[in-house]
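Morning, everyone. Please keep the sequence and the model in view.

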Amino acid sequence: MSDAQAVEFTEADGVATIRLNRPALTRRVKEELLVAVRSAAESTTARAVLFLGSDKAFCVGQDLVEHARILEETPEQALSTVREHYNPVVLGLESIQVPVVVGIGGACVGAGLGLALAGDVRVAASRAKLGTAFTGIGLASDSGLALRLVRALGQARAMELMLLGTMLTADRALELGLVTEVVDDADWETRAREVAVGLASGPTAAFVAAKHEVRAAAEGQSDLSELLEEEADLQNRLGVTEDHVGAVRSFLNKEKPTFTGR
């Protein structure tokens with residue numbers, strides 16, 4: 001498969017879809033991925049983002065064939081890709097305000113795991129395997145992986161995955177909370193898209209606010225009184241949206257609410 005076919009970006013039904021057809025990340029693939037991520041973040045019509053790989057793998061991180069060539073030719077530039085490519089992609093994913101659903105069809109390791117954990121909901125095929133992989137090639141982690149593992153699992157479990165290189169099955173990842181749902185191998189993409197479409201038809205402003213609240217709480221940058229004040233402010237804003245007013249009316253009428261994202 002050529003690099004020109006590696007990253008696809010499409011938008012339909014309120015869902016912006018980023019698809020990685022090539023599991024190993026060359027320089028060109030990373031550049032195309034960054035364009036796709038920024039397109040998703042800047043979309044004014046997407047109410048959810050779906051980030052997919054292939055049946056074989058979600059993403060296995062750096063293309064080591066290309067990396068080996070760079071090490072031989074210009075070793076001093078071999079890891080400049082972290083600042084030049086990986087960091088902007090991760091920050092781009094972080095800047096997406098609407099829900100991000102990640103579909104994991106197979107291997108999800110190294111920087112690929114970091115990218116997957118940058119999403120909000122992860123649907124994995126039962127065959128999927130997740131791991132850090134970095135120390136196996138003599139590197140520490142990048143792509144925000146250490147931070148996200150510590151937040152999700154705590155220091156001891158994160159240290160295990162980083163130092164021992166433990167590979168997790170999809171079911172074990174579910175037990176630990178690294179993935180949201182595990183489905184049959186044939187159904188992972190269908191289910192991931194179903195979740196994304198469902199979110200795209202929901203109360204978008206409320207999802208954006210809830211995502212902000214969870215991130216703020218996880219980062220621990222505010223004390224309780226500050227978080228309570230921010231919650232009050234967000235609720236005041238949401239309280240006058242069409243989605244909230246309409247949903248309350250639907251509840252009183254015993255009807256299913258319809259959300260427009262306004």
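E2 and strand E4, residues 48–52, pair in the parallel sense, over five bridges. Val 15 stands opposite Ala 48 in E4. Pairing here means that DSSP finds at least two bridges between two strands. Helices, H or I of at least four residues, and strands, E of at least two, are DSSP runs numbered from the N terminus.

Before going on, the ground rules. This is a predicted model: local features need pLDDT of at least 70, side-chain atom pairs count only at pLDDT 80 or more, and totals for chains, interfaces and linings use all residues. Residues are numbered from 1 along each chain as its sequence is written, and side-chain values use heavy atoms, with hydrogens and water left out.

Back to E2. Strand E1, residues 7–12, is joined to E2 by six bridges, and the two run antiparallel. Ala 12 stands opposite Val 15 in E2. E1 and E2 form a hairpin with two residues between them. In that turn, Asp 13 has a positive phi of about 55°.

How many residues of E2 are buried? Six of the six in residues 15–20, so the strand is largely enclosed by the rest of the structure. Buried means under 20% relative accessible area; exposed is over 50%, and partly exposed is in between, with a 1.4 Å probe and protein chains only. Val 15, Thr 17 and Arg 19 point one way from E2. Ala 16, Ile 18 and Leu 20 point the other way, and all are buried.

Next, an open sheet. Four strands, order E5-E8-E10-E11, mixed pairing. The edges are strand E5, 57–59, and strand E11, 168–169, each pairing on one side only. Strand E10, residues 129–131, pairs with E11 in the antiparallel sense over two bridges. Leu 130 stands opposite Leu 168 in E11.

Now the helices. Two packed helices are described by the angle between their axes and the distance between the axes. Axes are lines fitted to C-alpha atoms, for helices over the stretch in contact, and angles run from 0 to 180 degrees between N-to-C directions.

Take H1, residues 27–42, and helix H3, residues 81–94. Their axes come within 9 Å and cross at roughly 25°. H1 and H3 are therefore roughly parallel to each other. The cut-offs: under 35 degrees is roughly parallel, over 145 roughly antiparallel, 65 to 115 roughly perpendicular, and the rest oblique. Contacts, meaning heavy atoms within 4.5 Å, include Leu 33, Leu 34 and Val 37 on H1, with Tyr 86, Pro 88 and Val 89 among the H3 residues.

Glu 31 is in H1 and is among the residues that meet H3. Buried or partly exposed? Glu 31 counts as partly exposed, at 35% relative accessibility.

Ala 146, Leu 149, Val 150 and Leu 153 in H5 meet Gln 155, Arg 157, Ala 158, Leu 161 and Met 162 in H6.

Last stop, helix H11, residues 242–252, which holds Ser 250. Ser 250 is buried, with a relative accessible area of 11%. Not counting residues up to four places away in sequence, Ser 250 touches Glu 255, Lys 256 and Pro 257.
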